[in-house]
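Hi there,

Here is the structure I promised to pass on to you. Have a look at it first, and then read my notes below.

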Amino acid sequence: MVSIFATLAHNPAMERAGFRFGPRGTQASRTIMLRELAELFAVLPSEATRDDYRAAVVEENALGKRTYATRLSSRQRLTEMYGLDPELALFRVLRRLWRLDPEARPLLAMLCALARDPLLRSTASPVLALGPGEELVRSRFAAAIRGHVGSRLNEAVLDKVARNAASSWAQSGHLEGRVRKIRRRAEPTPAAAAMALWLGEVEGRAGLPLLDSDWAAVLDARGSALLPFVLDAKRLGLIQARVSGSVVEIGTRRLDPWARR
């Protein structure tokens with residue numbers, strides 16, 4: 001099995017951008033909460049502040065939660081996975097691309113959650129290694145998570161992480177089915193490609209290696225398969241790109257709204 005994100009290592013630039021590292025992660029209690037994220041973005045403008053997001057979820061109950069405790073928990077988990085803070089470049093890029101390309105939203109959410117949830121990253125390899133139509137085997141899935149967390153989680157919590165993560169990958173379009181999770185190919189878009197390139201650039205990649213990053217693997221479009229989406233992203237003004245034979249030059253700085261200040 002090809003190991004995805006195994007070499008992703010902490011560095012200060014990634015942390016400043018909004019990446020998170022360590023043994024813990026949100027999948028122990030929630031999925032990527034795609035529906036809740038969409039509802040929250042629908043009621044708040046792109047210039048909303050961190051306090052605005054908190055007020056919308058906790059005080060105004062924008063997500064329609066039954067109890068105050070559930071509102072607090074939802075806000076905490078969404079913040080863990082997405083930042084909900086325009087001070088973070090990762091969140092600024094997510095919010096901008098979310099508005100520009102509605103079809104990309106499941107993949108945009110997954111890419112952002114992978115950058116911020118180490119537990120979710122540990123589940124990428126067993127999912128992405130499957131071919132279309134193959135079933136996700138629970139024992140292998142749980143073993144991949146166990147390899148990341150060691151003995152820190154008991155079997156009950158490990159099972160919950162596995163169930164939540166499988167649901168997360170279904171929300172992003174990589175799996176389908178209620179009980180048996182069957183692999184399907186993701187459907188990348190120019191915006192999703194742009195975000196994958198941006199994540200790779202923050203990681204420290206440049207040029208041709210950006211097309212073969214683990215972030216590109218999440219799109220099921222590595223290498224030359226990613227190029228059509230890269231060129232579409234360029235035509236839409238999302239990124240800078242020049243492709244000439246084996247020479248590939250890509251710049252994603254303009255994706256961050258604050259980079260143009």
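Let me begin with Glu80, which is found in helix 4 (residues 68–82); helices here are DSSP runs of H or I with at least four residues, numbered from the N terminus. Before going on, please note that this is a predicted model, where local features need pLDDT of at least 70 and side-chain atom pairs count only at pLDDT 80 or more, while totals for chains, interfaces and linings use all residues. Residues are numbered from 1 along each chain as its sequence is written, and side-chain values use heavy atoms, with hydrogens and water left out.

Is Glu80 buried or exposed? Glu80 has a relative accessible area of 17%, so it is buried (buried is under 20% relative accessible area, exposed over 50% and partly exposed in between, with a 1.4 Å probe and protein chains only). Its side chain makes a polar contact of 2.9 Å with the side chain of Arg77. By polar contact I mean a pair of N or O atoms within 3.5 Å; within protein, one must be able to donate a hydrogen and the other to accept it, and residues adjacent in sequence count only if both atoms are side-chain atoms. Not counting residues up to four places away in sequence, Glu80 touches Arg20, Thr26 and Arg116, where contact means heavy atoms within 4.5 Å.

Thr31 is another residue to look at. It sits in the loop between helix 1 (12–17) and helix 2 (34–43), and it counts as buried because its relative accessibility is 16%. A polar atom of the Thr31 side chain lies 3.1 Å from the backbone nitrogen of Met33, and a polar contact of 3.0 Å joins the side chains of Thr31 and Gln171. Leaving aside neighbours within four places in sequence, the residues in contact with Thr31 are Met81, Asn164, Ser167, Ser168 and Gln171.

Next, the helix pairs. How do helix 5 and helix 6 run relative to each other? Helix 5 (residues 89–100) and helix 6 (residues 105–116) pack at about 175 degrees with their axes 10 Å apart, and are therefore roughly antiparallel. The residues of their contact divide into eight nonpolar, no polar and three charged. Axes are lines fitted to C-alpha atoms, for helices over the stretch in contact, and angles run from 0 to 180 degrees between N-to-C directions; under 35 degrees counts as roughly parallel, over 145 as roughly antiparallel, 65 to 115 as roughly perpendicular and the rest as oblique.

Helix 9 (residues 138–149) and helix 10 (residues 155–171) have axes that come within 10 Å and cross at roughly 110 degrees, so this pair is roughly perpendicular. Their contact residues divide into nine nonpolar, no polar and four charged. (Ala, Val, Leu, Ile, Met, Phe, Trp, Tyr, Cys and Pro count as nonpolar, Asp, Glu, Lys and Arg as charged, and the others, Gly among them, as polar.)

The largest nonpolar core has 88 residues, and Tyr82, Trp169, Trp215 and Ile239 have the most contacts inside it. Helix 11 (residues 190–203) gives the most to this core, with ten residues. Such a core is a set of buried Ala, Val, Leu, Ile, Met, Phe, Trp, Tyr and Cys residues joined through side-chain atoms within 4.5 Å.

Finally, a backbone detail: Phe5 is not a glycine, yet has a positive phi of about 70 degrees.

Best wishes

Definitions and conventions
Helices (H or I, at least four residues) and strands (E, at least two) are DSSP runs, numbered from the N terminus.
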